[in-house]
Amino acid sequence: MASEDVKTSESAVSTIVNLAEEAKLAREGVKAPSYAVLSICKSLVAGGVAGGVSRTAVAPLERLKILLQVQNPHSIKYNGTIQGLKYIWRTEGFRGLFKGNGTNCARIVPNSAVKFFSYEQASKGILYLYRQQTGDDDAQLTPLLRLGAGACAGIIAMSATYPMDMVRGRLTVQTDSSPFQYRGMFHALSTVLREEGPRALYKGWLPSVIGVIPYVGLNFAVYESLKDWLIKSKAFGLVEDSELSVTTRLACGAAAGTVGQTVAYPLDVIRRRMQMVGWKEAASVVTGDGRNKASLEYTGMIDAFRKTVRHEGFGALYKGLVPNSVKVVPSIALAFVTYEVVKDILGVEIRISD
């Protein structure tokens, strides 16, 4: 009798435990999708905030860089970083320093959100395949694999937001004395669509994609690899409780930005020049004096490279590099650190790669 009572009790306990486990699984099953969606949204928000903060902080240098890239070599108005910023301030005032920044933020916020999120997902996918191939479940991403994940993220983000970048380039180079004025982002988009067709919104896309592979790829690869090396080696006494300080992470981001932009910069120059093709006012806009100039015509990326080097020399491929370097160092550093800080505040795992 006693044994039957014991069996009955064990059966009851087992039933209760099973029911409790089923209820737990059911709850997790309901919460899992919402948690995944919330995590994705937080990641996108962190990436968007990082892009907006980093680009607004260096907006004057971004505009000067583009003006240097596309100005007419026979009518030089912007001759260096300090002189160029002073000239913009004198002729266009404070607002001139931030011209095109609204459109730039409208582009960079979704671009940055997609880029960081895509990098996370690409890193996880590449790491999974790498572990499957090597048979090592503890394998970590190598610098080369991080480069590949960054390249994938850059291509996806660039392609998704390229029309905004094309329009932003045109808004940025026009001045108050330009004979034709785009009134804003949507006016520029509608004007380009009406006068040049939808394909015009992707002018310069090829050099942009080719350029974004080393640029974004190297940014992520250098930043993550440098952080990992500092943490594992505890070099220079910079590691505190297995974490790097904000200052150290800013330095890692600055190094990553410097390497990436130096390698990819000539393609950025060609991209900007190709974006001006088909814009009948472009030649006078970039000189700002309203005089008739020869139209800007390139049949493709190679032709743009060839004509630029032939007419202006190899150095033309690095026009605007100095203000761009001054811009990129804090911009990339701020983007990485802001992304990690915002994700930490939102309660999301801040590790970009496993």
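The legends below describe an overview and several close-up views of one predicted model.

In this predicted model, local features need pLDDT of at least 70 and side-chain atom pairs count only at pLDDT 80 or more, whereas totals for chains, interfaces and linings use all residues. Residues are numbered from 1 along each chain as its sequence is written, and side-chain values use heavy atoms, with hydrogens and water left out.

**Figure 1. Overview of the chain, with its eleven helices and two strands.** Helices (H or I, at least four residues) and strands (E, at least two) are DSSP runs, numbered from the N terminus, and from that end the elements follow the order α-α-α-α-α-α-α-β-β-α-α-α-α. The chain has 354 residues, of which 48% count as buried; here buried means under 20% relative accessible area, exposed means over 50%, and partly exposed lies in between (1.4 Å probe, protein chains only). The accessible surface amounts to about 17,400 Å², and 64% of this belongs to carbon and sulfur atoms, with areas taken from the Shrake-Rupley method with a 1.4 Å probe and, for residues, only the protein chains shown counting as cover. Among contacts (heavy atoms within 4.5 Å) with a separation of 6 or more, 76% are between residues 24 or more positions apart.

**Figure 2. Helix α7 and the kink at Val212.** Helix α7 covers residues 205–233, and its 29 residues reach 41 Å from the first C-alpha to the last, which is close to the 42 Å expected at 1.5 Å a residue; the expected span is 1.5 Å times one less than the number of residues. A kink of about 35 degrees lies at Val212, shortly before the proline Pro214, where the bend is the angle between axes fitted to the seven residues ending at a residue and the seven starting there. After α7 comes Lys234, with a positive phi near 55 degrees.

**Figure 3. The salt bridge between Glu312 and Arg273.** The side chains of Glu312 and Arg273 meet at 2.6 Å, N to O; since Glu312 lies in helix α10 (residues 301–312) and Arg273 in helix α8 (residues 246–276), the pair ties together parts that are 39 residues apart in sequence. Glu312 is partly exposed, with a relative accessible area of 26%, whereas Arg273 is buried, at 6%.

Figure 4. Thr161 lies in helix α5 (residues 143–173) and counts as buried because its relative accessible area is 7%. Val329 belongs to helix α11 (residues 321–346) and is partly exposed, at 30% relative accessibility.

**Figure 5. A nonpolar patch on the surface.** Val45, Val49, Val53 and Leu346 form this patch and together have about 270 Å² of accessible area. Patches are made of residues with over 30% relative accessible area and no salt bridge, with like charges joined within 9 Å and nonpolar side chains (Val, Leu, Ile, Met, Phe, Trp, Tyr) within 5 Å. Helix α1 (residues 2–57) gives the most to the patch, with three residues. Val49 is found in helix α1 and counts as partly exposed, at 34% relative accessibility.

Definitions and conventions:
A salt bridge is a side-chain nitrogen of Lys or Arg within 4 Å of a carboxyl oxygen of Asp or Glu.
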